Amino acid sequence: MQQIDAVDDPNSFVEDIRTELMRVTQNEDNSQDAFIVHSDLKAIWSRSRVHTLLKLCCLCPENMLDQVADIIIDHYLKTISILVHIPWMQWPRFIGVFLGNATTWKEARIVGRNDDNLPYNLQDLREFLGNYARGFDFHQWLFLPVRIGERRSASLADYTEDHRLPVLKTEPLGRGASGVVYRETIAPGCLALGSGSWNAEVNEHSFSGSLEPSTNNCRASKLLVNISRLRKILTPRVLS
């Protein structure tokens, strides 16, 4: 990943980050299917870049930089990426609005505006983002691809058409004994592999199975059925 040289212009710095976010966007040709995986955010937001954002854009005092940078790297990469993407122009307010001016995670999490609190509804966003609320509301989904096989994904009612499927490619392979066989290629870090692990953050993962699971209910077929159901929820426009 190319690193940004030292800069003294906050607008140029933010625009360079925004350009990199656009470069790593998957399915970029369709805004309703586009998404960015977390591993790419971690690659873009090196520690030195977080320091630059805090010092140059957020006007964070020198004696707080290391502590606040730790909090941002662990709990706010999606949030700062959304703000860059909109683009937000009120960075000096960031530490106050999103961390409550805290210098420890224990204090910052009380504010309730970190990555774990995504997605927000528009009404809540208006309370602390004002005119930027609608942009944040629309673009936050770019950074929240569904994690297929995650425990909470068992409740399909939790999803709306705003969520993005992390599918990079779907290929029909032919017909099997129990139905059409497909190969789905899932983006890095978005497919549960069991025992709490996920497909490698640096690698895509492909699997094949039938949309009609056979009596042995193989795991690949179960995943395909879940993807099929999610696709109907997330992309209702294709059903009309």
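Colleague: Is R23 buried or exposed?
Modeller: This is a predicted model, where local features need pLDDT of at least 70 and side-chain atom pairs count only at pLDDT 80 or more, while totals for chains, interfaces and linings use all residues. Numbering runs from 1 along each chain as its sequence is written, and side-chain values use heavy atoms, leaving out hydrogens and water. Buried means under 20% relative accessible area, exposed over 50%, and partly exposed in between, with a 1.4 Å probe and protein chains only. R23 has a relative accessible area of 54%, so the label is exposed.

Colleague: Which residue does R23 form a salt bridge with?
Modeller: A salt bridge here is a side-chain nitrogen of Lys or Arg within 4 Å of a carboxyl oxygen of Asp or Glu. For R23, the closest N and O atoms of the pair are 3.8 Å apart, and the partner is E20.

Colleague: Which helix do E20 and R23 both lie in?
Modeller: Helices (H or I, at least four residues) and strands (E, at least two) are DSSP runs, numbered from the N terminus. E20 and R23 sit three residues apart, about one turn, within residues 10-23, and that's helix 1.

Colleague: Does E20 count as buried or exposed?
Modeller: The relative accessibility of E20 comes out at 10%. That value is why E20 counts as buried.

Colleague: What is the N to O distance in the salt bridge of E20 and R49?
Modeller: Here the side chains of E20 and R49 meet at 2.8 Å. This pair ties together distant parts of the chain, with E20 in helix 1 and R49 in helix 3 (residues 47-57), 29 residues apart. R49 is buried, at a relative accessible area of 2%. Back to the distance, N to O: 2.8 Å.

Colleague: Which residues are linked in a network of salt bridges?
Modeller: E20 pairs with R23, and E20 also pairs with R49. The network is therefore made up of these: E20, R23 and R49.

Colleague: Which residue does K55 form a salt bridge with?
Modeller: K55 is partly exposed at 47%, whereas E62 is exposed at 53%. The closest N and O atoms are 2.8 Å apart, and K55's partner is E62.

Colleague: What share of the contacts with a separation of 6 or more is between residues 24 or more positions apart?
Modeller: Contact means heavy atoms within 4.5 Å. For the protein chain, that share is 53%.
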